[in-house]
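I opened a new model today and kept notes as I went. The entries below follow the order in which I looked things up.

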Amino acid sequence: MEHAETPFALRRNRGAAYGALSWALVVAWVLLIWLVSAHTGAEVDNDLGIVTQLKRALYDFAFPIMGSGVDVSAVGHFFEYFVLGALLANALASHFDLSAALPLSVALASAYGVLDEFHQFYVPGRSCDPLDWAVDTAAVVLAAVLCAFVFRSPSEKSTSK
């Protein structure tokens with residue numbers, strides 16, 4: 001009787017280098033979020049290189065649809081935390097079964113969202129906004145749902161068709 005490896009076993013077999021890279025990406029992304037949050041609102045709007053360019057491009061896209069005064073920062077929060085959720089889910093799945101890795105990734109990334117909002121409270125031109133945290137958490141949950149689908153074994157995918 002042939003036994004197919006589970007997605008968890010396949011990820012564990014990728015080796016220590018894969019695990020180290022997965023965690024390095026998580027740490028790099030967390031630091032990027034922290035660094036962006038450490039800048040004033042004016043710096044994010046005018047002097048933060050690619051972050052400013054991305055925010056302007058998003059505004060230019062949203063303006064014709066939603067009109068002036070549109071705040072695109074929620075989209076930035078969503079993107080930041082969607083990526084964090086996916087990176088965390090991938091890294092944790094190297095150590096835990098998917099049924100444990102996904103809720104743990106949601107909990108950790110959501111907790112980091114709280115810490116990030118607390119951090120922003122002390123940055124001039126920034127604020128602590130519970131709605132930003134809600135957007136962060138929604139993004140992480142969506143990333144976990146997507147990872148649950150992507151990480152399923154081939155046999156699980158074929159039975160769901």
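**Entry 1: overall**

I am working with a predicted model. I began with the secondary structure. I found eight helices and zero strands. Read from the N terminus, the order is α-α-α-α-α-α-α-α.

Next I looked up burial. Of the 161 residues in the protein, 34% are buried. I then took the surface. The protein exposes about 9,600 Å², and carbon and sulfur atoms supply 71% of that area.

I also looked up contact range. I took contacts between residues at least 6 apart in sequence; among these, 65% join residues at least 24 apart.

**Entry 2: helix 2**

I went to helix 2, residues 16-37. Its 22 residues should span 32 Å at 1.5 Å a residue, and the end C-alpha atoms are 32 Å apart, so the two values agree.

Which residues of helix 2 are buried? I listed Gly19, Ser22, Val26, Trp29, Ile33, Val36 and Ser37. I then looked down the axis of helix 2. The buried residues fall within an arc of 130°, so they line one face of the helix. I noted the general rule beside this: an α-helix has 3.6 residues a turn, so residues three or four places apart point the same way.

On the other side of helix 2, I found Ala16, Ala17 and Leu35 exposed. I asked what the buried residues of helix 2 pack against. The partners are helix 3 (41-46), helix 4, helix 5 and helix 6.

**Entry 3: helix 5**

Helix 5 came next. It has 20 residues and reaches 28 Å from its first C-alpha to its last. That is close to the 28 Å expected at 1.5 Å a residue.

I wrote down the buried residues of helix 5. They include His77, Glu80, Tyr81, Val83, Leu84 and Gly85. Leu88, Ala89, Asn90, Ala91 and Leu92 are buried in helix 5 as well.

**Entry 4: helix 7**

I moved on to helix 7, residues 130-150. It has 21 residues and reaches 30 Å from its first C-alpha to its last, close to the 30 Å expected at 1.5 Å a residue.

I checked the start of helix 7. A side-chain oxygen of Asp129 comes to within 2.9 Å of the backbone nitrogen of Leu131 there.

For burial in helix 7, I listed Asp132, Asp136, Thr137, Ala139, Val140, Ala143, Ala144 and Cys147. Seen down the axis of helix 7, these buried residues fall within an arc of 160°, so they line one face of the helix. Pro130, Leu131 and Val145 are exposed on the other side of helix 7.

Which helices do the buried residues of helix 7 pack against? I found helix 5 (73-92) and helix 6 (98-121).

**Entry 5: aromatic rings**

How many aromatic pairs does the structure hold? I found six.

One of them joins Phe118 and Tyr122. This pair is edge-to-face, with 5.3 Å centre to centre and 75° between the planes. Phe121 and Tyr122 also form an edge-to-face pair, at 5.0 Å centre to centre and 85° between the planes.

Phe118 is partly exposed, with a relative accessible area of 49%. Phe121 counts as exposed because its relative accessibility is 52% and the cut-off is over 50%. Tyr122 counts as exposed too, at 56% relative accessibility.

I also noted a cluster: Trp34, Tyr81 and Tyr112 form one aromatic cluster. Of its members, Tyr81 is also on my list of buried residues in helix 5.

**Entry 6: Gln120**

I picked Gln120, which sits in helix 6. Is Gln120 buried or exposed? Gln120 is buried, because its relative accessible area is 2%.

I then looked up its partners. Leaving out residues up to four places away in sequence, Gln120 touches Ser37, His77, Arg126 and Ser127. The side chains of Gln120 and Arg126 are joined by a polar contact of 3.3 Å.

**Entry 7: Ser68**

Last, I looked at Ser68. It lies in the loop between helix 4 (50-66) and helix 5. Ser68 counts as exposed, at 63% relative accessibility. Setting aside neighbours within four places in sequence, I found Ser68 in contact with Tyr59 and Phe63.

Terms used. Residues numbered from 1 in each chain as written. Predicted model: local features only at pLDDT ≥ 70, side-chain atom pairs only at ≥ 80, totals over all residues. Heavy atoms only, no water. Helix = DSSP H or I, 4+ residues; strand = E, 2+ residues; numbered from the N terminus. Expected span 1.5 Å × (residues − 1). Buried < 20%, exposed > 50% of the residue type's maximum accessible area, 1.4 Å probe, protein only. Arc of directions from axis to C-beta. Contact = heavy atoms within 4.5 Å. Polar contact = N/O pair within 3.5 Å; in protein donor to acceptor, adjacent residues only side chain to side chain. Phe/Tyr/Trp six-rings, centres within 6.5 Å; stacked < 30°, edge-to-face > 60°. Areas by Shrake-Rupley, 256 points an atom, 1.4 Å probe, with all protein chains shown as cover.
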